[in-house]
Amino acid sequence: MAELFIDGNICTLCGKCIDVCPFNALEMKDEVSVNAACRMCGLCIKACPEKAIEIKETRKSVDKTKWNGFLVYAEFFDGKLHPVTIELIGISKKLAAKVNMPVFCLIAGYGVEQTAAELLEYGVDGVFVYDDERLRNFAVDSYANVLEKQINETKPSVVLIGGTSIGRSLAPRLSTRFRTGLTADCTTLDIKENSDLIQIRPAFGGNIMARIITPYTRPQFATVRYKVMDRAEKGTIKGKIFRKPVSDEMVDSSIEVLKIRKKESTVSITESDILVVAGQGVKDRDDLYMIIELAEKLGGEYAVTRPMVEKGWADYTRQIGLSGRTVKPKLIITCGVSGAIQFTSCMNAADTIVAINSDPKAPIFGIAHYGIVGDIYNIVPAFTRMLEGA
Amino acid sequence: MKIAVCIKQVPGIKDVDIDPKTGVLMRSGVRSKMNPYDLFAIETAMRLKTRMCAEVTALTMGPPQAESVIREAYMMGVDNGYILTDRKFAGSDVLATSYTLAEGLAKLGKFQLIICGKQTTDGDTAQVGPAMAEHLGIPHVSWVSKIVEIDESGIVVEQNMEESYEVVRIEYPCLITVNKDIYTPRLPSYVEMKKTGERPVNVLNYTSFDGKGAERFGLSGSPTQVEKVFRPENNPERVVWEGNDSENTEKLFNLLKEKKFI
């Protein structure tokens, strides 16, 4: 059992812990007491001048040496490999080298042989192949069974899954099945000597990043979105293909895919080199046009922040952020975007970031390479006219 | 038919921040609200209630004041409401949260269909729905953008994937997470508010799960641990131009020309 413990014999009722608690979880009654709002962030422990507060933790860790290696889920859907897979191999190889672990891939689907062979070119130590007609369509229950079986055999320390529609549906089932931790949409990954994966992501719904570890259990699951990590380089082939059998029980699904309709080729903001982003500084739906025009003149695409989608001014396929897409363009110009972390964590890997905003205190200026404090209604149209003259 | 909707109270945007000088977490005055995606889950439940003569139960987990989201659900027409609240649930990560919610649902009876919003705006993980389904041993479909058909034994839904829409049939009992394009949520109604003002929000706590080991709940049941929270680093080499808009426009033009974007 783990809980926040306040030692009444030492506590002087000074109330400093109550002042620092961001969640209103501490109350002064006859003594300081903790309520259900506590998120165990530990700030009160640091704030207590008497050192009267501690988290009592009696959990034991699994034997971490029994879990070895990285397993990357190679997402194969609609006849092709999702490119996030190569990025996951990239980060896995980097981290695995630090702790001297192997990197494996698992690919499931129908007709995946050739893709599996291509994965070997990225220098992984092995690819587990589950190729079966009954895996032709994605059904979360069958795919979870396949991964479960391989995890039980391989006992990897870390399992990385793409933060895609499929990955984000699959990963929580698996982490729950293994009663272990899953950290979604990590923006930075590193590894400790004891094989604890250091997972960094925005947290608590505020302008805050959290460093998260899974210290007691294995495997450690994490999802990473497309365009966050660097792709693996091709190198000499050293690994092997392992063809794995698919049993009836594994593919006994209660989900039946009836029909698949391809989306009309929508513009993909993730693939564009230049993006111009409209934020809440754009006051009227019609004014969005000036952003679109600038994007066109620069030969790029326009994108938006979440409030613009919530207002119905733009399609969510154009949304950058944790509830939209992650982008990594060569140039991004944000117009009237304040820069909430749910947004910035999904675009701050861009090569050049230009921010235009009227509020000099806007957090977007913290991450922008070039910030312009000014009125987008003056700057954007004037800039577009200069481009026309160029 | 019995339908459950799982909802959450989330902070308003930028509710929590770190003081750049002291490094201490601060709270600002923005009020908590229902996770916006949950409104679509409640609306979906209400549409299916009409079609299937179903009974709809809303469940949330959080501090006692989170009961206001259940009140809001009542105002949208939900029949029953429960809040899971206990100090022992504090510090729950995805595994412990989904376990607690799943235990709560199991306690409240057999639901054919469980509906969640696709994700919350505070955690943004989209994990709790699928994790609950796993605890309950039932299948799930995420990112549902349309209900195509529903009958006594299952439901046909359209799933919005990155590059395609998939129409899938899933048998009860099952869980779906819904996108915002599914239906337009109704506004909380004054009439419903009048009608439900006296209706209690039922409370479930740790003692409601008699016999369940404490090690599965709260911090103890949470395999992930936040080691540290910090403010994102600022870019040290940033350039900021203030002052005259037209001069700055010209600077921007020259910069992008120099960098060969123009």
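In this predicted model, 83 residues from chain B and 88 residues from chain A take part in the contact between the two chains, where two residues are in contact if their C-beta atoms, placed from the backbone, lie within 7 Å. On the side of chain B that touches chain A, the largest share, eight residues, comes from strand 11 (residues 164–171) of chain B. Sorted by class, that side of chain B has 41 nonpolar, 19 polar and 23 charged residues; here Ala, Val, Leu, Ile, Met, Phe, Trp, Tyr, Cys and Pro count as nonpolar, Asp, Glu, Lys and Arg as charged, and the others, Gly among them, as polar. Residues are numbered from 1 along each chain as its sequence is written, and chains are lettered from A, with ligands numbered from 1, in the order in which they are written. As for confidence, local features need pLDDT of at least 70 and side-chain atom pairs count only at pLDDT 80 or more, while totals for chains, interfaces and linings use all residues.

The two chains also share strand pairing. Strand 22 (residues 370–373) of chain A runs parallel to strand 15 (residues 239–241) of chain B, and the two pair over three bridges (strands pair if DSSP finds at least two bridges between them). Tyr370(A) sits opposite Val239(B) of strand 15.

Turning to chain A, there are eleven helices and 22 strands, taken as DSSP runs numbered from the N terminus (helices are H or I, at least four residues; strands are E, at least two). The C-alpha trace of chain A spans about 70 × 65 × 40 Å along its principal axes. Of the 390 residues in chain A, 55% are buried, meaning that 20 or more other C-beta atoms, placed from the backbone, lie within 10 Å of a residue's own.

Within chain A, helix 5 (residues 140–154) packs on helix 6 (residues 167–177) at an angle of about 50 degrees, with their axes 10 Å apart. That makes helix 5 of chain A oblique to helix 6 of chain A. The contact between these helices involves, among others, Val140(A) and Leu147(A) of helix 5 and Leu170(A) and Leu174(A) of helix 6. By class, this contact has six nonpolar, one polar and three charged residues.

Over in chain B, helix 2 (residues 67–75) is largely enclosed by the rest of the structure, because seven of its nine residues are buried. The buried residues include Glu67(B), Ile70(B) and Tyr74(B). Just after helix 2 of chain B, Gly77(B) has a positive phi of about 110 degrees.

Definitions and conventions: Axes are lines fitted to C-alpha atoms, for helices over the stretch in contact, and angles run from 0 to 180 degrees between N-to-C directions. Angles under 35 degrees count as roughly parallel, over 145 as roughly antiparallel, 65 to 115 as roughly perpendicular and the rest as oblique. A residue is buried if 20 or more other C-beta atoms lie within 10 Å of its own, exposed if 12 or fewer, and partly exposed in between; C-beta atoms are placed from the backbone.
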